[in-house]
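Here are my notes on this one, as numbered points. Have the model open while you read.

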Amino acid sequence: MTDRAPLSPLKLGLNVLWSAFWTGFPIKLAFALLFMALGMIHFEARLGLGFVMVLASPITVFAMPILMMLGSHFGEGAGLGLLFLLCIPIDIWAMGVVAKTLFLERLHLEPPDGIGFSLWWKSAVTGALYLPVLWMIVSTVTETAIAISHSIFELEIFHGLPVAEKISIELTLWGGVSATVLIILLVVGVSLIGRLVRSAAQNAAPASDNYQRLVTRWDLMRVPADQGLMLTAMTGAGVVLSVLFWAALPASTPHPHECCKPLEVKRQPPFKPIDALNRGERTLAQLAAQVEAIEKQRAEEEAAKDKHKSGKGKSAEPKP
Amino acid sequence: MQPAPTTSPEPTVLEKVIAFVDERVGLKTIQAKMLNEPVPGGSRWAYIFGSVLLFIFIMQAVTGILLMFYYVPTADHAYASTQYIIHDVDYGWFLLSYHFWGSSAMVVCVFAHMSQVFLWGAYKKPREMIWLVGLALFGIVMGFGFTGYLLPWDQRAYWATTVGVEIMDKTPLLGDFMARFLKGGPTPGQMTLSRFFVIHVMILPAALMGLAGLHLFLFRTAGPAGPFRGTPEELKAKTDYFFPRQVWKDIVGMVTVFLGICTLAFWEPVVLLEEATPDPGDYHPEPEWYFLFLFQLLRLKIFSGEFGQFLGAIALPGAFMALLAALPFIDRDPERNIFKRPVALIGWIVVMTTILIFTVSAIINREFLD
């Protein structure tokens with residue numbers, strides 16, 4: 001370590017986890033969206049929880065199956081497992097970049113080789129052990145706090161309290177207790193990750209460069225030597241993902257709500273004016289021909305009748 | 001053997017076009033001004049919200065224009081045309097849902113941007129005017145949300161607007177005029193829809209473009225505030241130009257927000273309720289989520305009655321906005337480190353916690369109403 005004031009485990013953990021979370025987030029989100037478009041993931045009503053679990057995968061990747069066994073079902077579909085598998089290399093890379101930056105910039109230490117992988121598996125194992133405990137404690141505390149706050153407001157003296165006030169006070173009571181416990185446990189959890197970073201830092205050699213050169217080093221660390229290749233590869237990946245997304249995107253609404261079915265709309269055939277005019281002309285011509293035929297037939301009948309009458313008249317004339 | 005002398009290659013067509021435009025408008029000078037802005041202390045993720053907001057606005061404009069190809073702003077066709085967009089137009093459901101969630105993302109980013117500026121102390125001298133214009137932009141974003149909510153013309157839209165206009169009516173002096181102007185009649189109808197539509201697609205976008213331009217101009221004039229801590233040596237070592245690192249961070253931020261909005265559009269596509277009628281039936285009027293805290297606040301006993309409603313709906317939010325506007329002139333201490341400004345830090349936490357508690361309370365309140 002250097003002569004600078006050492007960072008606490010909490011700060012070390014926060015530095016690594018917060019930055020690694022945001023470094024991997026856009027890449028994971030792109031895959032999550034693609035799988036949603038392909039219908040491979042359904043987060044149901046717990047999108048926020050699902051995303052926290054998926055996007056915080058450096059620590060949730062092994063904890064998730066355990067949490068799901070505990071009954072915390074936040075989503076389904078084959079894409080969920082696939083997304084977690086994809087998250088592993090992304091998280092290892094993100095942890096590596098973030099940890100190297102921290103070592104050079106804040107700790108002024110040479111980052112050890114393979115720091116990304118080493119921190120990732122240690123964090124994942126710690127998460128697998130710690131997160132289910134956190135989950136159970138917070139769930140139990142929340143349920144108990146809700147029950148207690150409900151029972152307090154069942155007392156006679158609170159019967160006159162208006163509903164809006166009652167809801168807000170109850171929420172503040174149980175939410176305060178629940179949030180406090182959650183924050184304390186999160187602080188402990190983040191400190192545990194910080195201790196992993198600190199133990200890696202204890203074996204690291206001090207960085208010999210001045211601050212300006214260290215900044216340049218961690219800055220250039222994120223940019224590969226062949227920047228053209230990087231930009232081409234990223235653009236290519238972006239294009240492929242976009243094409244896949246638009247190909248998979250349903251043209252009509254993939255409405256998940258049974259309550260609100262789309263209206264039954266009878267589609268009218270498209271109106272073509274020329275065809276309609278031609279059809280009208282044909283109909284008119286047919287009708288005119290029919291009328292003409294009827295008139296002709298009637299005229300013939302009239303003529304035949306007249307002939308018949310005149311024939312009869314001739315035969316009725318007295319013979320000379 | 002001597003190498004063959006190299007001749008300068010002929011400029012390509014693109015280079016010629018760029019040179020032509022540059023000669024006339026000074027393209028390269030503009031580019032240099034735009035991209036070579038020094039960022040004190042280097043690029044940061046905390047600075048992305050302004051660019052992200054601009055991106056969301058552009059996307060809202062694009063999706064809004066596409067929706068206008070099908071949407072009919074009349075009381076007898078607005079609902080049917082929105083249903084048509086959702087169920088019959090190819091990808092219409094996605095465009096509408098993106099536009100819907102985009103407005104929420106805009107509100108979230110405005111809150112994040114304002115919080116960042118507040119916590120970083122970036123509203124202090126010489127950036128007071130940037131803060132004031134930013135507050136006006138905040139009002140415009142809220143106006144977009146309020147006017148856009150009516151356009152689908154379903155029960156949710158109709159009653160949220162009715163409640164909103166009634167709240168506006170309580171404003172002293174201008175309230176009655178504003179409410180009558182917006183409604184255009186005794187009850188919301190064709191005139192209301194026409195006016196909201198015009199405000200939503202013409203007046204507010206024009207105002208936003210003008211003020212956003214002014215905001216950017218003032219920002220470039222005053223320069224970025226930079227981080228609130230760090231030694232001068234550290235800041236100097238990290239100071240960088242806007243391009244490429246901050247541009248890269250901004251792009252990543254925009255992509256992330258775009259993906260987030262798309263995900264929300266998938267998770268919860270827009271669903272309309274019954275067509276708007278002057279009879280609410282079983283429906284309990286409720287505004288959009290970002291106004292829920294205020295709506296729940298107004299349900300408290302202390303804010304009941306004519307005076308209480310005025311206090312909760314107008315006086316309190318008005319005083320809060322006035323306080324925000326006066327902030328750079330009240331807080332003249334040059335200290336920007338938020339951990340050395342306990343009143344500001346505690347104030348921000350109290351405001352955010354209050355908004356959170358009352359928003360969640362409003363959601364819980366639905367169970368009681370149902």
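1. Start with A:H108, which sits in the loop between α5 and α6 of chain A. Helices here are DSSP runs of H or I with at least four residues, strands are runs of E with at least two, and both are numbered from the N terminus. A:H108 has a positive phi of about 55° although it is not a glycine. Most residues other than glycine have a negative phi, and most peptide bonds are trans. A:H108 is partly exposed, because 18 other C-beta atoms lie within 10 Å. (Buried takes 20 or more other C-beta atoms within 10 Å of the residue's own, exposed 12 or fewer, partly exposed is in between, and the C-beta atoms are placed from the backbone.)

2. Before going on, the ground rules: this is a predicted model, where local features need pLDDT of at least 70, side-chain atom pairs count only at pLDDT 80 or more, and totals for chains, interfaces and linings use all residues. Residues are numbered from 1 along each chain as its sequence is written, while chains are lettered from A and ligands numbered from 1 in the order in which they are written.

3. A:P112 is in the loop between α5 (78-105) and α6 (115-153) of chain A. With 16 other C-beta atoms within 10 Å, A:P112 is partly exposed. What does A:P112 contact, leaving aside its neighbours within four places in sequence? The partners are A:A200, A:N203 and A:A204, where a contact means C-beta atoms, placed from the backbone, within 7 Å. A:P112 and A:A204 are 92 residues apart in sequence, yet 6.1 Å apart in space, C-alpha to C-alpha.

4. B:L173 also deserves a look: its phi is positive, about 65°, although it is not a glycine. You'll find B:L173 in the loop between α7 (155-169) and α8 (175-183) of chain B.

5. Two cis peptide bonds to check in chain B. One joins B:K125 and B:P126, with omega about 10°, and B:P126 lies in the loop between α5 (92-119) and α6 of chain B. Another joins B:F243 and B:P244, with omega about 5°; B:P244 lies in helix α11 of chain B.

6. On to the interface. The contact takes 32 residues from chain A and 34 residues from chain B. On the chain A side, α1 (9-37), α7 (163-202) and α8 (211-221) each supply at least two residues, and α1(A) gives the largest share, nine residues. By class, the chain A side divides into 23 nonpolar, eight polar and one charged. (Ala, Val, Leu, Ile, Met, Phe, Trp, Tyr, Cys and Pro count as nonpolar, Asp, Glu, Lys and Arg as charged, and the others, Gly among them, as polar.)

7. How do α1(A) and helix α11 (residues 242-267) of chain B pack? Their angle is about 25° and their axes are 9 Å apart; axes are lines fitted to C-alpha atoms over the stretch in contact, and angles run from 0 to 180 degrees between N-to-C directions. α1(A) and α11(B) are therefore roughly parallel (under 35 degrees is roughly parallel, over 145 roughly antiparallel, 65 to 115 roughly perpendicular, the rest oblique). Residues meeting here include A:F25, A:L29 and A:L33 from α1(A), and B:V252, B:L259 and B:F266 from α11(B). The contact of α1(A) with α11(B) has 13 nonpolar, three polar and no charged residues.

8. Within chain B, helix α6 (residues 128-150) and helix α13 (residues 305-330) pack at about 175°, axes 9 Å apart. That makes α6(B) roughly antiparallel to α13(B). B:E128, B:W131, B:L132 and B:L135 in α6(B) meet B:L324, B:A325, B:P328 and B:F329 in α13(B). Those residues divide into seven nonpolar, no polar and one charged.

9. Last, the cores. The largest nonpolar core has 112 residues, and those with the most contacts inside it include A:L33, A:M95, B:V52 and B:I56. (A nonpolar core is a set of buried Ala, Val, Leu, Ile, Met, Phe, Trp, Tyr and Cys residues joined through C-beta atoms within 7 Å.) Leaving aside neighbours within four places in sequence, B:V52 is in contact with B:C109, B:G253, B:M254 and B:V257. A second, separate core of 14 residues includes B:Y149 and B:L193.

Terms used: Contact = placed C-beta atoms within 7 Å.
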